[in-house]
Amino acid sequence: MATRLYTHPLFLEHLTSPGHPERPDRLRAIAKVLAHDVFDPLDRVEAPIADEAALLLAHPETYVRRIREEIPAEGLERVDADTVVSPRSWDAALAAVGAANAAIDDVFAGRADNVFVAARPPGHHAEKNRAMGFCLFNNAAIAARHAQKTHGAERVAIVDWDVHHGNGTQDIFWDDPSVLYCSTHQMPLYPGTGKASETGAGNIVNVPLSPGSDGETFQQALESIILPRIEEFRPDLIIISAGFDAHYRDPLAELNFTERDFAWATAKLMDCAGRWSSNRLVSLLEGGYDLEGLGLSVAAHVGRLMKG
Ligand SMILES: [Zn+2]
């Protein structure tokens, strides 16, 4: 079996304002590195477009309708201080959710060992009822619920190494012990949540890192806190909220990870998936705003996924 990669041309058509860090060039940078020969074995699939009903796995209908009504016929519209939508953003968001759910279907059907979804808009800041931080719908949360509803997964672990705390994912699973949410993130930093004391129903594991922390600190956080919790939880599925903005080149934060740290963490989570979830692992792109740092990080991450 191979590593599967989902992308879609629609992800380039979700437009944000000039100078906005979450921009289509991010996906062009990823496409460029993954065009290299070493990635030829990737099983490349165009993302299916999700039905609107999939959004209801993590968001109420009133919220879904509100976002749909915000989509402009032309130009740009702001749905939150940082979150901008354009005419194709609705379809792009449905393709991002469609890709995440298809990736879940693939690992449960044995069509792939693991899957990387290169999609935008990202998802981990989207709360049940609130778009924020460049995110409209919470792709990882919807995918986790889809795995539970459609494939009978009992316990899903979501590991979020984006430099920002995934307040949306935490919000959605705050009182749901069937999902373990583990996050490393810089603190203080946007969105301000993610203290170690925020533990939900005992299923939320936040490991805030000080500005300037390097990959060694990240590896220690995983080894000493997060991996033991995953082992104890025995997940049927691991989802990675794979943001690469903790890379030292990234302009939005002050952590100093390298692409090798992301490869290391990928390998560790693949080990967990091998022990507990028949290798089922789905990785969803979140942040990462320096195009070179993002390209190097995705190459290291996907390269490690492909080693199986
Ligand atoms: Zn981020």
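These legends accompany close-up views of a predicted model.

View 1. Start with the metal: Asp162, His164 and Asp245 supply the protein donors of the zinc ion, at 2.0 to 2.8 Å from it. The angles between the four donor atoms run from 52 to 155°, so the arrangement is irregular.

**View 2. Where the zinc donors sit along the chain.** The donor spacing reads D-x1-H-x80-D. Histidine 164 belongs to the loop between strand S6 (156-160) and helix H5 (167-173), and aspartate 245 to the loop between strand S9 (237-242) and helix H7 (259-276); the pair therefore ties together parts that are 81 residues apart in sequence. Histidine 164 counts as buried because its relative accessibility is 7%, and aspartate 245 counts as buried because its value is 0%.

**View 3. Strand S9, covered on both faces.** Look along S9 and you will find that six of its six residues are buried. In a regular strand, side chains alternate between the two faces of the sheet. Here Leu237, Ile239 and Ser241 are buried on one side, and Ile238, Ile240 and Ala242 are buried on the other.

**View 4. The neighbours of S9.** S6 runs parallel to S9, joined to it by five bridges; alanine 157 has isoleucine 238 as its bridge partner in S9. S9 also pairs in the parallel sense with strand S10 (residues 281-285), again over five bridges. Isoleucine 238 has leucine 281 as its bridge partner in S10.

**View 5. A β-α-β unit.** Follow the chain through S9, H7 and S10: these elements make a right-handed β-α-β unit.

Technical notes. Residues are numbered from 1 along each chain as its sequence is written. This is a predicted model: local features need pLDDT of at least 70, side-chain atom pairs count only at pLDDT 80 or more; totals for chains, interfaces and linings use all residues. Side-chain values use heavy atoms; hydrogens and water are left out. Donors are N, O and S atoms within 2.8 Å of the metal (3.2 Å for Na, K and Ca); water is not among the atoms, so sites may look incomplete. Four donors count as tetrahedral if all angles lie between 85 and 135 degrees; four count as square planar and six as octahedral if opposite donors are over 155 degrees apart and all others between 65 and 115; anything else is irregular. Helices (H or I, at least four residues) and strands (E, at least two) are DSSP runs, numbered from the N terminus. Buried means under 20% relative accessible area, exposed over 50%, partly exposed in between (1.4 Å probe, protein chains only). Two strands pair if DSSP finds at least two bridges between them. A crossover is right-handed if, with the strands pointing away from the viewer, the path from the first strand over the helix to the second runs clockwise.
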